[in-house]
Amino acid sequence: MDQGVIASMMSHPLEGAIVLLDPEGHPLAANATARTLDLPRGLQLHRLALLGLRDRVADQGLLPCSVPVGEQRMDGFLSAARAQDGTVCAYIFSAAPAASLVDGRWPQLLHDAGHGVWEWDVPAHLLAYLERSAGAAPVTGTGTVHEWLQRTHPDDRAMQQAALRSHLRDPAVAYACRLRVRRADGGWQQVHDHGQVVARTADGQALRMAGIRIGITSADAPGADAQEQQAQLRHLQRIAGLGTWSWERDSGFSWSDEMLAAIGRPPGSMPSGRRWLDMLDADARAQVLAAWRRLHREGQPHAFELVLAAAPMEVPGIHLRVWMHPRHDASGRVRRVAGQLQNVTEQRQTDALIRWRTELLNRVSALGRIGGCEIEVTTRGMLWTDECYRIHGLRKEPVTLEQTLALYTPDSRDSFEAALTRIAEGGLPEQLDLCFYRHSGQRVWVQVQIELDRREGLPERFVVLFRDITREREANERIELLAHYDLLTGLPNRILLREQTEEAIAESRRNGKILAMLFVDLDGFKSINDTFGHATGDMLLKAAAARLHQNLRNADLFGRFNGDEFVVVLRHLADPADAGHVARKLIASLASPLHRGDTTLKVGASVGIALADDSHRDFDTLLRAADAAMHAAKEAGRNTYQYYSQDVLAGIQRRLQIEHTLHGALEREEFQLVYQPLVNVDGTRPPAIEALLRWVCPELGPCSPAEFIPVAEKCGEITRIGEWVLNEACRQAAVWHAAGLMFERIAVNVSAMQLRERGFAEQVIAICERHRWPPHRLELELTESALIRDSDALRQCFDTFERNGVLLAVDDFGTGFSNLHYLNRFPVQRLKIDRSFVQRMLHDAGTAEVTQAIVHLGHALGMQVVAEGVETRQEEAMLLRQGCDEIQGYLYSRPLPSRDMAQWLRRCDEGDGPGPQAPTQADLPATVG
């Protein structure tokens with residue numbers, strides 16, 4: 001567009017607002033009115049929302065456009081400005097202010113009519129008027145309807161109010177009165193008062209009513225005065241889109257020029273007779289004929305609306321409101337019909353726009369879950385929107401503020417009332433998060449915004465917006481739960497526990513109180529979880545947590561740290577020994593077995609205790625100390641507790657040294673194998689040999705397998721070490737075999753972690769092939785814990801061993817969580833009685849019965865039974881009597897290096913080696929029959 005044109009348009013003193021927008025919707029220029037209304041900012045904020053409307057304007061031309069500006073809305077029109085090539089180069093938003101009749105139009109109307117006009121804002125009960133008495137200056141005024149009615153003579157007020165009410169209820173009843181009104185000088189003047197509702201809501205409620213007031217100078221004003229008044233009335237009718245028509249039985253229809261002007265036709269252009277019906281389309285014609293028949297049938301006044309279709313179909317039609325008043329002859333037939341017609345197109349368009357906006361606001365409110373209400377300050381009466389009823393779960397009926405607040409929680413109710421008081425006393429608008437319960441019991445959270453409306457002429461009222469934030473609040477609560485609580489037990493997790501403990505430590509330091517941390521680890525949980533599944537394990541954890549919790553005080557902190565580990569923080573202890581008393585109570589609380597169906601489950605607890613002091617003054621250091629003490633409790637035999645001490649610290653440091661030194665031990669060639677025979681009770685059969693791992697570490701000194709093997713399993717080195725053991729054992733066995741030494745098989749201990757490695761079975765077979773050692777002469781010794789976890793991978797592993805003849809033995813049988821079902825599931829050939837049973841069986845009849853039961857069980861399952869740790873002839877005799885198949889122990893040989901083991905085998909071949917002897921009566925202890 002030309003810059004000069006833009007500058008001229010923006011600087012012109014127009015009453016309307018004009019804003020020029022670029023093709024993307026950004027404001028380029030605005031006139032003074034638009035800037036005063038802050039319209040450019042509103043258009044910029046809603047630029048993207050108006051994108052679709054700009055696209056339609058480019059195709060369709062001028063379109064209505066509504067833009068929010070602050071708390072108001074500006075209704076206007078959007079049009080497109082095009083360049084010479086026809087492309088859109090800019091958009092123009094224009095809005096004419098909704099001027100009342102006082103602004104601009106009333107002086108003209110007063111000049112034309114010579115009397116007065118008035119306009120009534122019905123919902124606000126406000127009325128503006130401009131009147132002029134004969135020979136007097138015009139009088140302009142505004143006020144309430146009540147004040148305006150008080151100017152009417154007392155004897156005429158009832159009649160005037162009845163006529164107004166009738167017209168407001170039924171548009172077919174015209175408002176026309178002859179009244180006496182008070183003049184400015186205090187006297188009375190007779191007037192004709194005519195009016196018409198000119199704007200209604202979508203549901204028919206009156207919004208605005210306009211009227212004219214014509215002064216009467218004489219009761220029988222004849223001649224020119226009457227004609228002048230009629231002319232003035234017709235002129236005002238044309239302005240209001242009103243016209244009259246009539247029908248006589250003898251002469252037919254007649255139309256006033258005002259009516260023709262209302263439908264957009266020139267004077268005298270209406271066809272004669274009934275041919276005017278041809279101007280209507282089929283629907284309108286049927287509507288008119290139906291109304292006409294009803295009028296003649298019922299003989300009562302009638303009103304209806306119809307739409308005159310415009311010639312170009314794309315142009316909207318003309319909406320008309322038609323009134324018919326019949327006059328009857330002596331026989332009761334309709335002799336004459338007096339009619340009135342009004343063009344209500346603009347009102348219907350306004351109604352449609354209001355309806356569209358109302359529906360849009362309702363959809364937006366429902367989508368955003370936003371409801372609203374007004375509360376009168378003095379009466380506390382409430383007016384609700386539909387969405388507000390839905391949010392509160394109430395039926396659409398009158399509700400008081402007290403009834404509403406009864407739904408809210410006490411805290412929310414007090415907060416709401418306090419906010420109303422503060423705002424009523426002049427405070428700023430407030431926003432609150434409140435909670436209430438519907439009658440169904442459902443909890444709802446709402447975000448409430450409250451402000452005070454002090455419009456002139458209206459009672460003060462609170463405007464309250466309710467936004468349903470239940471989903472947001474529940475999501476936040478869920479996030480809080482996930483972030484700070486354990487979902488299985490409902491206890492604080494390590495994050496929340498850390499925060500609470502740090503606060504408790506700081507408080508204990510300030511008050512000089514004793515604080516202790518207990519690290520609780522469930523004994524035997526892992527075996528139960530592996531055997532019975534995670535569902536049973538979860539049930540056990542919840543039950544154990546509940547039992548532990550019952551033995552703590554309200555002031556103590558309790559949380560689930562990880563897996564089957566719990567942390568207890570004891571506050572305000574009178575003596576450090578009290579922590580030990582609590583630990584004993586916690587251990588005792590788990591003594592009773594738990595039952596799940598027909599299964600009885602039992603767990604214990606190892607508890608480590610650390611006291612807060614100068615060396616342990618935060619959560620992490622206190623936790624490390626308590627954890628170390630817990631491991632010391634496990635090493636002390638489990639189901640007990642230990643305080644953190646220097647000995648415990650030394651044990652931790654020792655484990656850390658072992659873990660550190662294990663890395664690289666293979667590369668430094670610090671491992672070696674020693675060998676111990678397993679002697680068969682059948683003296684004609686050669687012995688078997690078990691390979692035992694030893695670690696010769698110059699840095700650590702002596703370190704037994706019982707000490708370093710668990711550390712190797714924990715740090716992951718066991719897999720590499722185990723592979724080396726298999727290779728070395730098979731290599732050595734092949735060397736002995738090549739030297740002609742006689743032995744039945746080589747046995748190697750295998751960790752449970754090795755079994756879980758993918759491809760372990762194939763690795764074992766490959767090692768045998770590498771050293772040309774027959775797989776059926778290799779025996780793998782497994783612990784019970786390695787066999788408890790039944791899985792497809794473990795079954796495939798054992799299937800591979802069975803196909804290739806690899807033997808399996810259960811080491812230390814009877815010391816673990818014995819679920820004997822696995823003995824049937826897997827191809828086990830031997831059971832090894834743990835040395836702890838062998839050492840006690842001579843002095844404990846119960847232990848002897850256990851060893852006898854193991855032998856019977858093994859034989860019943862088609863397995864051989866091996867006793868390890870045999871050191872005396874009495875132990876040997878007892879085992880031979882019980883039917884043991886193989887014996888291993890110091891009685892025959894200590895673990896030997898490979899060279900010494902070869903010499904031992906040679907002596908056996910020559911018949912000089914030790915072997916089992918038949919027991920005599922002197923060999924049997926007196927306690928065994």
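Predicted model: local features only at pLDDT ≥ 70, side-chain atom pairs only at ≥ 80, totals over all residues.
Let me begin with the protein taken as a whole, before we turn to particular places. Its secondary structure comes to 32 helices and 37 strands, and of its 929 residues, 43% count as buried. If we take the contacts with a separation of 6 or more, residues 24 or more positions apart account for 55% of them. As for the surface, the protein exposes about 47,900 Å², and carbon and sulfur atoms supply 51% of that area.

In the first, helix H23, which covers residues 718-738, and helix H25, which covers residues 760-770, have axes that come within 9 Å and cross at roughly 30°. Angles under 35 degrees count as roughly parallel, and therefore H23 is described as roughly parallel to H25. The crossing of these two helices, H23 and H25, is right-handed. On the H23 side the contact is made by Glu 723, Leu 726, Asn 727 and Cys 730, while H25 brings Phe 760, Gln 763, Val 764, Ile 767, Cys 768 and Arg 770. Sorted by class, the contact of H23 with H25 has six nonpolar, two polar and two charged residues.

In the second case, helix H16 (residues 494-511) packs with helix H20 (residues 619-635) at an angle of about 100°, and their axes are 10 Å apart. That angle makes H16 roughly perpendicular to H20. Here Leu 497, Arg 498, Thr 501, Glu 502 and Ile 505 in H16 meet Phe 619, Asp 620 and Leu 622 in H20, and the residues of this contact divide into four nonpolar, one polar and three charged.

From H17 the contact takes Phe 525, Ile 528, Asn 529 and Phe 532, and from H18 it takes His 534, Thr 536, Gly 537, Leu 540 and Leu 541. The classes in the contact of H17 with H18 are five nonpolar, four polar and no charged.

Let us move on to a helix with several buried residues. In helix H31, residues 873-882, the buried ones are Glu 875, Glu 876, Ala 877, Met 878, Leu 879 and Gln 882. And what covers the buried residues of H31? The cover includes helix H29 (835-840), helix H30 (845-860), strand E36 (864-868) and strand E37 (886-888). After H31 comes Gly 883, whose phi is positive, near 95°.

Is Thr 470 buried or exposed? Its relative accessible area is 7%, and because buried means under 20%, Thr 470 counts as buried. Leaving out residues up to four places away in sequence, Thr 470 touches Arg 443, Val 444 and Trp 445. Thr 470 is also 24 residues from Val 446 in sequence, yet the two are 6.8 Å apart in space, C-alpha to C-alpha.

The other residue is His 153, whose place is in the loop between helix H6 (145-149) and helix H7 (154-169). His 153 is buried as well, with a relative accessible area of 14%, and, leaving aside its neighbours within four places in sequence, His 153 is in contact with Arg 180 and Trp 188.

Note on methods:
Residues numbered from 1 in each chain as written. Heavy atoms only, no water. Axes fitted to C-alpha atoms, helices over the stretch in contact; angles between N-to-C directions. Helix = DSSP H or I, 4+ residues; strand = E, 2+ residues; numbered from the N terminus. Parallel < 35°, antiparallel > 145°, perpendicular 65-115°, else oblique. Left-handed = near helix turned anticlockwise from the far one by under 90°. Contact = heavy atoms within 4.5 Å. Nonpolar A, V, L, I, M, F, W, Y, C, P; charged D, E, K, R; others polar. Buried < 20%, exposed > 50% of the residue type's maximum accessible area, 1.4 Å probe, protein only. Areas by Shrake-Rupley, 256 points an atom, 1.4 Å probe, with all protein chains shown as cover.
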